[in-house]
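Hi,

Here is the structure I promised to pass on. Have a look, and then read on for what turned up.

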Amino acid sequence: MATYTISINERTTTGKAVVEFLRSLGMLGEKKAKKDKEADLTMQAINEIKEGKCTRCNSFEEYLKEIEK
């Protein structure tokens, strides 16, 4: 199976039709925007902190000792 990357101008009637056709065939892979991925990672980090799944250090030396474990 091959993967192709094409550019389609969705502002045109033809472009909209092509995108709709590819979606109807299930051939259009939907990608998450980079911004969405970054927001998801940030929220994941915030949730981990709230759940206590983090390491707290009072100094950089303490941090170095923790990551050596």
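First, a quick one: is C57 buried, partly exposed or exposed? C57 is partly exposed, with a relative accessible area of 28%; buried means under 20%, exposed over 50% and partly exposed in between, using a 1.4 Å probe and protein chains only.

Before the rest, some housekeeping. This is a predicted model, where local features need pLDDT of at least 70 and side-chain atom pairs pLDDT 80 or more, while totals for chains, interfaces and linings use all residues. Residues are numbered from 1 along each chain as its sequence is written, and side-chain values use heavy atoms, leaving out hydrogens and water.

On the cysteines: the whole structure has 0 disulfides (pairs of cysteine sulfur atoms within 2.5 Å). C54 is in none, as its nearest cysteine sulfur, that of C57, is 9.5 Å away. C54 is also partly exposed, at 34% relative accessible area.

As for the fold, the protein chain has 3 helices and 0 strands, running α-α-α from the N terminus (DSSP runs: helices are H or I, at least four residues; strands are E, at least two). The chain exposes about 6900 Å², with 54% from carbon and sulfur atoms (Shrake-Rupley, 1.4 Å probe).

Finally, F60, Y63, L64 and I67 form a nonpolar surface patch of about 390 Å² accessible area together (residues with over 30% relative accessible area and no salt bridge, nonpolar side chains joined within 5 Å; a salt bridge puts a Lys or Arg side-chain nitrogen within 4 Å of an Asp or Glu carboxyl oxygen). Y63 sits in helix α3, residues 60–68, and is partly exposed at 38%.

Cheers

Key
Patch = residues over 30% accessible without salt bridge, like charges linked within 9 Å, V, L, I, M, F, W, Y side chains within 5 Å.
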